[in-house]
Amino acid sequence: MELILSIAIGVMTSCGIWLILRPRTYQVIVGLSLLSYAVNLFIFGVGGVKANVPPILGDGLPVTALADPVPQALVLTAIVIGFATTALFLVVLLASRGLTGNDHVDGRNEPR
């Protein structure tokens, strides 16, 4: 499980960085989203996700059998903030493209 998670984090991180380095703003936004998803998976992996384990202490349960709710809360908060910033970036992208006529990060058109 940890190996698959590590590979997924590595692939998402490398694809996100590659897209961030692209010249078009839409590709940069998708790259930032992929990078934030990779960070969320990393937080889950570091937090030690446990399946079928209650996050609340009950009668007769040892403390080691509990799932840590902090990584889940952090990732949920990061998802909400990431969604809001992606929406903001898309609005800025559309406004910039309407004003300049292109969607390049540096404002220059590609030579044809």
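I began with helix H3, where Pro71, Val75 and Leu93 are buried. The model is a predicted one, and I keep that in mind for each entry below.

**Entry 1: helix H3**

I looked up what the buried residues of H3 pack against, and found H2. H3 spans residues 69-100. I counted 32 residues in H3. From its first C-alpha to its last, H3 reaches 46 Å, close to the 46 Å expected at 1.5 Å a residue. After H3 comes Gly101, and I noted that the phi of Gly101 is positive, near 90 degrees.

**Entry 2: the whole chain**

I then stepped back to the whole protein. Read from the N terminus, the order of elements is α-α-α.

I checked how much of the protein is buried. Of the 112 residues, 16% are buried. The protein exposes about 8300 Å², and I noted that carbon and sulfur atoms supply 71% of that area.

I also looked at contacts between residues at least 6 apart in sequence. Among these, 52% join residues at least 24 apart.

**Entry 3: helix H1**

Helix H1 covers residues 2-20, which is 19 residues. Its reach from first C-alpha to last is 27 Å, close to the 27 Å expected at 1.5 Å a residue.

Which residues of H1 are buried? I listed Ile9, Met12, Gly16 and Leu19. These residues lie on the same side of H1 because they cover an arc of only 105 degrees around the axis. What covers the buried residues of H1 includes helix H2, residues 25-47.

I turned the model to see the face of H1 directed away from its buried side. That face carries the exposed residues Leu3, Ile7 and Trp18.

**Entry 4: Asn40 in helix H2**

I picked Asn40, which is in helix H2. Is Asn40 buried or exposed? Asn40 has a relative accessible area of 9%. The cut-off for buried is under 20%, so Asn40 counts as buried.

I then looked up the contacts of Asn40, leaving aside its neighbours within four places in sequence. Asn40 is in contact with Val75, Ala78 and Ile79. One of these, Val75, was already on my list of buried residues in H3.

**Entry 5: the loop between H2 and H3**

Asp68 lies in the loop between H2 and H3. I found Asp68 partly exposed, with a relative accessible area of 39%. I also checked its distance to Gly47. Asp68 and Gly47 are 21 residues apart in sequence, and their C-alpha atoms are 7.0 Å apart in space.

**Entry 6: salt bridges**

How many salt bridges does the structure hold? I found two.

Asp103 has a relative accessible area of 10% and is buried. Arg24 is partly exposed at 30% relative accessibility. Arg97 is partly exposed too, with a relative accessible area of 48%.

**Entry 7: a nonpolar patch**

Last, I looked at the surface. Which residues form a nonpolar patch there? I noted Leu32, Leu88, Phe89 and Val92, with about 350 Å² of accessible area together. Helix H3 gives the most to this patch, with three residues.

Val92 lies in helix H3. Its relative accessibility is 48%. Exposed would need over 50%, so Val92 counts as partly exposed.

Definitions and conventions
Residues are numbered from 1 along each chain as its sequence is written. This is a predicted model: local features need pLDDT of at least 70, side-chain atom pairs count only at pLDDT 80 or more; totals for chains, interfaces and linings use all residues. Side-chain values use heavy atoms; hydrogens and water are left out. Helices (H or I, at least four residues) and strands (E, at least two) are DSSP runs, numbered from the N terminus. The expected span of a helix is 1.5 Å times one less than its number of residues. Buried means under 20% relative accessible area, exposed over 50%, partly exposed in between (1.4 Å probe, protein chains only). The arc is that of the directions from the helix axis to the C-beta atoms. Contact means heavy atoms within 4.5 Å. Patches are made of residues with over 30% relative accessible area and no salt bridge: like charges are joined within 9 Å, nonpolar side chains (Val, Leu, Ile, Met, Phe, Trp, Tyr) within 5 Å. Accessible areas come from the Shrake-Rupley method with a 1.4 Å probe; for residues, only the protein chains shown count as cover. A salt bridge is a side-chain nitrogen of Lys or Arg within 4 Å of a carboxyl oxygen of Asp or Glu.
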